[in-house]
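Please look over the model below. These notes take its strands and a few backbone angles in turn.

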Amino acid sequence: QPRFVESGGGLVQPGGSLRLSCAASGFTLDYYAIAWFRQVPGKEREGVAYISASDDSTLYGDSVKGRFTISRDNAKSTVTLQMSALEPEETAVYYCAKSMGMVGTFTRGEYDLWGQGTQVTVSS
């Protein structure tokens, strides 16, 4: 069965960096847009970044532009989110998700496979 498994979460100080990874299995990563979402307690799940399949184009949420980078390694079936200059408000559970198509969006209904999430805590 298709699966996505996140890893790399943990505790980081404000201003610090963290790298999250998502390992895919059971499907060919090349053909699908992949996104990272996050969910802060008490708030709706928020799109963070996505990368499309056809041309590897990327899009970032306004609050993370210039600080986060999404990338993919299709040969290794892995998607990565490199996060820098983290702020306490970004403490959340981070999820990777597989789109049903090749072009990314931040519409949750366009994604049909989700990882279990990995906790990121930004605190002193």
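The points below start with the basis of the model and then move to strands and loops.

1. This is a predicted model: local features need pLDDT of at least 70, side-chain atom pairs count only at pLDDT 80 or more, and totals for chains, interfaces and linings use all residues. Residues are numbered from 1 along each chain as its sequence is written, and side-chain values use heavy atoms, with hydrogens and water left out.

2. Start with strand β5, residues 46–51. Strands here are DSSP runs (E, at least two residues), numbered from the N terminus. Five of the six residues of β5 are buried, so the strand is largely enclosed by the rest of the structure. Buried means under 20% relative accessible area, with a 1.4 Å probe and protein chains only.

3. Next, β4 (residues 34–39) runs antiparallel to β5, joined by five bridges. Two strands pair if DSSP finds at least two bridges between them. A35 has Y50 of β5 as its bridge partner. Six residues separate the two strands of this hairpin, and G42 in the turn has a positive phi of about 85 degrees.

4. β5 also pairs with β6 (residues 58–60), again antiparallel, over three bridges.

5. Most residues other than glycine have a negative phi. S77, between β7 (68–73) and β8 (78–83), has a positive phi near 55 degrees. A85 lies in the loop between β8 and β9 (92–99), and its phi is positive too, near 50 degrees.

Definitions and conventions: Helices (H or I, at least four residues) and strands (E, at least two) are DSSP runs, numbered from the N terminus. Buried means under 20% relative accessible area, exposed over 50%, partly exposed in between (1.4 Å probe, protein chains only).
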